Amino acid sequence: MRIAIASDHAAVDLKAELAEWLIEEGHEVADLGPEPGQSVDYPDYGFRLAEIIAEGTVEFGVALCGSGIGISISVNRHPQVRCALVSEPLSAALAREHNDANCIAMGARLVGIEMAKSCIATFLDTEFADAGDPAGRHQRRVGKLGKPPFSPDHIETHQ
């Protein structure tokens, strides 16, 4: 698989370890930065990662910062990207299975290397529940994520 990985300065060591591990696992990895020793702003790297995912250069992304929160917010600003902040394998699996997430985010200050590997492995091994079913309930919901109505009274109910 083609995977892009990006972080801020708080997660640069975790990013390097994960990139190396992903390559060992047989994946093609695009390390979008930053380099060690640089102090950077997570939105810049989140936006860069989102653009690479949206244009189809990679299949999945891995976003890292100190907590995982800031970079996941920045990645999710792109309407074609669904980035899930996870801290254990079950949330990683559900992000793929129910939300068709194409990016996973984690916090380097909160998740160790082995847990991060487990989350990524689970994420990559899990299929979207409605793959190939354009009428599926999860697909309907995921389709709405890229085009929010920006109207508070736009609520649908289903039987």
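**Notes on strand 5 and the two annotated positions**

1. Strand 3 (residues 60-65) and strand 5 (residues 103-107) run parallel and are joined by five bridges; strands count as paired when DSSP finds at least two bridges between them. This is a predicted model, where local features need pLDDT of at least 70, side-chain atom pairs count only at pLDDT 80 or more, and totals for chains, interfaces and linings use all residues. Numbering starts from 1 along each chain as its sequence is written, and side-chain values use heavy atoms, with hydrogens and water left out. Helices (H or I, at least four residues) and strands (E, at least two) are DSSP runs numbered from the N terminus.

2. On its other pairing, strand 5 is joined to strand 4 (residues 83-85) by three bridges, again parallel. C103 is the bridge partner of C83 and also of G61.

3. Five of the five residues of strand 5 are buried, so the strand is largely enclosed by the rest of the structure. Buried means under 20% relative accessible area, exposed over 50%, and partly exposed in between (1.4 Å probe, protein chains only). C103, A105 and G107 point one way, I104 and M106 the other.

4. UniProt's unreviewed entry lists C65 and H98 under "active site"; such annotations may be inferred rather than shown by experiment. Their farthest two C-alpha atoms are 24.4 Å apart, so they do not all gather at one spot.

5. C65, in strand 3, is buried at 4%, and its contacts (heavy atoms within 4.5 Å) beyond four places in sequence include M106 and G107. H98, in helix 4 (residues 89-99), is partly exposed at 29% and touches F128, H138 and V142, again not counting residues up to four places away.
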